[in-house]
Amino acid sequence: MYSLDSDFNDLIDKIRDPDALNPARSDPVFYFVFDPKLMLDLKRHLPRWTSRIREAGFEVRRVSLADILWEMVDKSGRWDVWLELESGADANQINEAVRDVLRQGNNLIDRVAEVVESTPDGTVVLLTEAELLHPYFRTRTIESRLHDKVRTPTVIFYPGERSGQYGLRFLGFYPVDGNYRSTLHGGL
């Protein structure tokens with residue numbers, strides 16, 4: 001029977017020795033793939049998993065992609081205007097307006113990169129709430145921006161399905177994207 005805990009325990013082993021299964025010595029970025037139906041279970045497990053990472057000798061920096069997304073929306077100063085227009089707008093118009101704010105100058109991606117790149121050595125970064133990137137971004141956009149800049153282990157909690165060795169299907173309904181370079185873990 002599938003177990004989030006078992007998959008996470010295996011991930012901790014990889015974090016301890018990221019080069020063991022990575023002859024290319026690429027960035028220590030890991031995707032923890034899980035069925036989107038298990039999203040709430042995963043959130044309940046995070047405090048215990050954070051403790052487990054600390055027991056393994058690392059500090060932990062949890063970065064909520066939802067918090068960063070809302071920070072960008074708030075900084076845009078457009079929220080009140082959007083609320084006024086919401087009743088007369090369709091969902092696509094609202095999503096396009098939010099997408100524009102997040103992509104303007106690569107705001108969201110650059111902010112995530114800034115947080116990850118500034119993390120001190122000996123710390124594991126946990127990127128959570130990736131599901132809220134829908135319909136604006138895919139996590140691969142973040143991974144591409146971080147390429148060759150990550151010094152510390154970074155775990156992206158990815159709601160979706162695996163497809164082969166490098167493919168992921170975001171939220172289980174987007175088409176498979178087979179261009180992920182990082183280590184995929186779980187989700188089987």
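A residue is buried under 20% relative accessible area, exposed over 50%, and partly exposed in between. Asp13 has a relative accessible area of 43%, so Asp13 is partly exposed. The model discussed here is predicted.

Asp13 has a salt-bridge partner. The side chains of Asp13 and Arg16 meet at 3.0 Å, N to O. Both residues sit in helix H1, which covers residues 4-16. They are 3 residues apart there, so about one helical turn separates them. Arg16 is also partly exposed, because its relative accessible area is 46%.

## Salt bridges across the chain

The salt-bridge count for the model is 12. Side chains of opposite charge can pair when their charged atoms come close.

Arg62 forms a salt bridge with Glu129, with the closest N and O atoms 3.3 Å apart. This pair links distant parts of the chain. Arg62 belongs to strand E2, residues 59-64, while Glu129 lies in the loop between E3 and H7. Arg62 is partly exposed at 44% relative accessible area, whereas Glu129 is buried at 13%.

Lys43, Arg62, Glu129 and Glu131 are linked in a network of salt bridges.

Asp121 and Arg151 form another salt bridge, and their closest N and O atoms are 3.3 Å apart. Asp121 is in the loop between helix H6 (107-117) and E3, and Arg151 is in the loop between H7 and strand E4 (154-163), so the pair ties together parts that are 30 residues apart in sequence. Asp121 counts as exposed, because its relative accessibility is 59%.

## The loop between E3 and H7

Glu129 is placed in the loop between E3 and H7. With a relative accessible area of 13%, under the 20% cut-off, Glu129 is therefore buried.

Pro135 is in this loop too, between strand E3 (123-128) and helix H7 (139-146). The peptide bond from His134 to Pro135 is cis, with omega near 5 degrees. For context, most residues other than glycine have a negative phi, and most peptide bonds are trans.

## The largest cavity

Rolling a probe the size of a water molecule over the atoms shows where empty space is left. How many cavities of 30 Å³ or more are there? The count comes to 1. The largest cavity has a volume of about 50 Å³.

The residues lining the largest cavity are Phe34, Met39, Leu42, Lys43, Leu46, Thr128, Glu129, Glu131 and Phe157. Helix H2, residues 39-55, gives the largest share of this lining, with 4 residues. By class, the lining has 5 nonpolar, 1 polar and 3 charged residues. Lys43, Glu129 and Glu131 are in this lining, and these three residues also take part in the salt-bridge network with Arg62.

## The second largest pocket

The second largest pocket has a volume of about 150 Å³. Its lining has 11 residues. Trp70, Trp79, Trp82, Ile94 and Val98 lie nearest its centre.

## A nonpolar surface patch

Trp70, Trp79, Leu83 and Leu132 make a nonpolar surface patch of about 390 Å². Two of these, Trp70 and Trp79, are among the residues nearest the centre of the second largest pocket. Trp79 is in helix H4. Its relative accessibility is 36%, so Trp79 counts as partly exposed.

## Leu69 in helix H3

Leu69 is placed in helix H3. Is Leu69 buried or exposed? Leu69 is buried, because its relative accessible area is 7%.

Leu69 and Arg151 are 82 residues apart in sequence. Their C-alpha atoms are 24 Å apart in space. Arg151 is the partner of Asp121 in the salt bridge described above.

Technical notes: Residues numbered from 1 in each chain as written. Predicted model: local features only at pLDDT ≥ 70, side-chain atom pairs only at ≥ 80, totals over all residues. Heavy atoms only, no water. 1 Å grid on protein atoms, 1.4 Å probe; cavity = no way out; pocket = protein on both sides within 12 Å on 5 of 7 lines; lining within 4 Å. Points joined across faces, edges and corners; volume = space filled by probe spheres on them. Patch = residues over 30% accessible without salt bridge, like charges linked within 9 Å, V, L, I, M, F, W, Y side chains within 5 Å. Areas by Shrake-Rupley, 256 points an atom, 1.4 Å probe, with all protein chains shown as cover. Salt bridge = Lys/Arg side-chain N within 4 Å of Asp/Glu carboxyl O. Helix = DSSP H or I, 4+ residues; strand = E, 2+ residues; numbered from the N terminus. Buried < 20%, exposed > 50% of the residue type's maximum accessible area, 1.4 Å probe, protein only. Nonpolar A, V, L, I, M, F, W, Y, C, P; charged D, E, K, R; others polar.
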